[in-house]
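Here is the colleague's note you asked for, to be read alongside the sequence and the coordinates. Please keep both open while going through the points.

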Amino acid sequence: MPDINLAFERHTLPNGLRVVLHRDATLPLVTVNLWYHVGSKNERPGRTGFAHLFEHMLFQGSEHIPTHEHFRQVQMVGGVANGSTWYDRTNYYETLPAHHLDLGLWLESDRMGFLLPAITQENLETQRGVVMNERRQRVENQPYGRAGERLHELLYPGDHPYHWPVIGYMEDIAAATLEEVRAFFRTYYTPNNAVLTVAGDIVPEAALERVQAWFGDIPAGPPVPPVSAPLPPLGERRVVIEDAVRLPRSYFGFRVPAYGHRMWYAADLLAAVLSGGKSSPLYRDLVYDRQIAQDVGVHVSPYEEVATCMGVVTARPGVEVEELEEAFLSHLARAAAAPPHPEDLERARNRVLTELYSGLQKLDTRADLFSQFTTFFDDPGGVAEEADRYQQVTTEDLMELAQTCWTAEQRVAVTVVPRKSS
Amino acid sequence: MPRLPVDRTIPPPPGPLRPFRFPPFLRTRLPNGLTVLATRMSGVPLVSMELVVPTAGGQHDPNGREGLATLTAGLIDEGTVRRDSMEIAASVERLGGFLTTGADWDVGYLAAGLLAGNRAQGLELLAEILASPTFPEAEVERLRRQRLAEILRRGHDPSALADERLNRVIYAGTVYAGSLIGTEGSVPVIDRESVLDFYRRHYLLNGSALIAVGDLDPEDLLREAEAAFEAVAETKAPTPPPIRPTPLGGIEVHIVDRPGSAQTELRLGHRGVERMHPDYVPLLVLNMILGGKFTSRINMNLRERNRYTYGATSRFVGRLGPGPFLVGAAVETESAGAAAREVLFELRRIRQELVEPGELEEARSYMQGVFPYTVQTIGDLAKRLEALAVYSLPDDYFDTYLRRLDEVRREDVLAVAQRHLDPERIAVVAVGPAEELEPQFAAVGEIKVWSPEPRAQLT
């Protein structure tokens, strides 16, 4: 990408930890970003939500860091810390004033190498309670909050690892045991299943020396068990759910090729063609001209096994869901029948580019991308090639994507309608 | 590889501190009355240009026409003498940019973000929109309908319901009691005439600011801005009515009944201070200790010690007028009363006892250390420059801010807590199932129960 600093060097420690170093001295900051290649897809039915609950446990301290000290140590020097769990991975980061690089490495290496003594029943109970409230806040008490997980349940069969939500089901969160926490740690939180990116105002050579000092002694673990993701063909499926909402909303789900595949970029670009901006065909037709929708969007998620393409459209008061859905789907059908208007394609290409640039501004986002490309593709250089991958998509690719993935037989739908008052 | 010694038992010592200064920027008032604040940030080939109009914020909404400021801002880019709504949108979006207009309590704004090479088109468009909007009747009607649907949607969002009820209670009789987006009652009476009138009286070049950040030369930008924005004869902007809410008589509990809720949205709050108040910096320190960061008293109490919530925060909202002080959390319903009592306990405690020296040191060093992290992006920096313009802060404000933090003592924290926190005259709002909530709050204060829709009081 032009003029953007995406220089890196990569190393692999003898214990298998892959290390990416990126120097950017614009601000006196350093970020320590650690990806573990484990997410909710490594769980099994009846034990969902575990990877995420485990992420919470990792902020409860480790052998040399007492409970609550992780955040305190980071905040005390003006740093920020967080973690997140997704289907394919779990990440952790600390962004700190640059002269505190060692602090970030100390905290992350301690929980990679010395977590087990700190895992206690009390910490588990606290985080179980916190996570249950997180689920209530993000899912159960949100208008339309259950729709996303219902859509995934329809789109992927019960034994496919994208079937269940990352945060898990309430009864599974309640059932997690201390022994499972320990086993999960031993299986997945190993240097050979992780990528560490250190980015910011660093001298790469010196930073590598510090990484070796903190992480070099942590022993490698056994190979990680493979994930099974059987994907039988879909037939059209649909559910209607009632919720405390006033405006009906329809969600459509389609499977598209996994992130990294040429057709994934086609799907993402086509989503921008159809719904990226006020002048896009979907917005213009449904929201602006006909005024039957309150909002509309098509999104593609970067999953590793197979990707989810989701369309969402909210009705204006008094509009029938059937009319709304027909209008929405007609645009998807058109995308299969004819190439996009050149102006729409130009808009989408420029929009994708602007969003990529915009996302590269923050040091922690850039580090996260280096970790992501290394975790998924063993290639930190992929960060710099992302713009080209979109530019290489042809109009034929866009039509092929629409023709093969956006068919009625491969479509699932969740419609949320206002609950009938008693 | 030789084994390198690390001591895991204590936090590792830091390396040498690397200095940070707020980046230099240009600030000039043009002969046409427009102030330009610009700075170069060239990490990515993007620019952001924002026109901020401090006379066009929601604080100017007339009584009975709540939502007029945001509707006017929303309509200003829906047609000019040269282009219609879609042509305007397409002209920016085709270049990969975005155009967004809106209003908060303090300002109206028009913002464009573009690839750096398209800066000229962006500036020209902002100037055109500001100078010659046409407010077509059809667009007014369309946006009003969209707005009414949005109001309906929010009527089922527990978090929005909680915020709305809190404002109605603590700002009764002032403009801050209203809703920025308007209500079912106010939006239908806002017509094209009132929008046009608001535009004419409030969208003035004089006193407005153009904030430009990104891959640009500030001197070039200055010349372009002078050429793009023509001076016109303008009247003086109307002064907004003063916002002086009457303090509550005691602890008031307002329950918004939402049967079947999986959780309860809890708020505690009262009026706070203006952004320009001399106590603002020590108040930020106080808030950091109280509920402003993960390790704050309120979050540790409600989340880690009591497991009531996924997270709880407090804040002083700085505005031109006295914005609210508020504490917010989504809590499990069976513990909502207990959670409110714990918050009150923390508010009383911080008014009675000096904070621990370690707490003050942590808050201070967090606020100083984290500052560079908060000015990483074009948007971050634009927001900082906007604050300088809107709140008339001096050029060296952010450098001074970092030093002023050093001067805050424990006694100052106690003093501002006593002056600006008032747990005995505070509103407690709980959005959830009233039947389960009412008994829990009986001992907290006088209870009123509201139905979310229609917005009537039940008891």
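1. Basis of the model. This is a predicted model, in which local features need pLDDT of at least 70 and side-chain atom pairs count only at pLDDT 80 or more, while totals for chains, interfaces and linings use all residues. Residues are numbered from 1 along each chain as its sequence is written, and chains are lettered from A and ligands numbered from 1 in the order in which they are written.

2. Confidence. For the complex, the predictor gives an ipTM of 0.93 and a pTM of 0.94.

3. Domains of chain A. The domain assignment (bounds come from an automatic or database assignment) divides chain A into domain 1, 9–215, and domain 2, 237–418. Their C-alpha centres lie 28 Å apart. Taking two residues as in contact if their C-beta atoms, placed from the backbone, lie within 7 Å, the contact takes 31 residues from domain 1 and 29 residues from domain 2 of chain A.

4. The domain 1 side of that contact. Helices (H or I, at least four residues) and strands (E, at least two) are DSSP runs, numbered from the N terminus. On the side of domain 1 of chain A that touches domain 2, at least two residues each are supplied by strands S2 (18–23), S3 (29–36), S5 (90–97) and S6 (194–200) and by helix H5 (147–155). H5(A) gives the most, with six residues. By class, this side has 14 nonpolar, nine polar and eight charged residues, where Ala, Val, Leu, Ile, Met, Phe, Trp, Tyr, Cys and Pro count as nonpolar, Asp, Glu, Lys and Arg as charged, and the others, Gly among them, as polar.

5. Strand S6 of chain A. Six bridges join S2(A) to S6(A) in parallel, A:Leu21 having A:Val198 as its bridge partner, whereas the seven bridges from S3(A) to S6(A) are antiparallel, with A:Asn33 partnered by A:Thr197. Seven of the seven residues of S6(A) are buried, so this strand is largely enclosed by the rest of the structure; a residue is buried if 20 or more other C-beta atoms lie within 10 Å of its own, exposed if 12 or fewer, and partly exposed in between. Both faces are covered, with A:Ala194, A:Leu196, A:Val198 and A:Gly200 on one side and A:Val195, A:Thr197 and A:Ala199 on the other.

6. The five-stranded sheet. A further open sheet of chain A, also mixed in pairing, has the order S7-S11-S8-S10-S9, with S7 (237–243) and S9 (293–300) as its edge strands. The twist averages 15 degrees from one strand to the next. S7(A) runs parallel to S11 (residues 412–418) of chain A through seven bridges, and A:Val240 has A:Thr415 as its partner there.

7. Contact between the chains. In chain A, 67 residues are in contact with 61 residues of chain B. The largest share of the chain A side, nine residues, comes from H12(A), and the side as a whole has 25 nonpolar, 25 polar and 17 charged residues.

8. B:Gly97. This residue is found in the loop between helix H2 (85–93) and strand S4 (98–103) of chain B, and counts as buried because it has 26 C-beta neighbours inside 10 Å. Leaving aside neighbours within four places in sequence, the contacts of B:Gly97 include A:Thr354 and B:Leu115. B:Gly97 and B:Leu115 are 18 residues apart in sequence and 6.8 Å apart in space, C-alpha to C-alpha.

Key:
Two strands pair if DSSP finds at least two bridges between them. Axes are lines fitted to C-alpha atoms, for helices over the stretch in contact, and angles run from 0 to 180 degrees between N-to-C directions.
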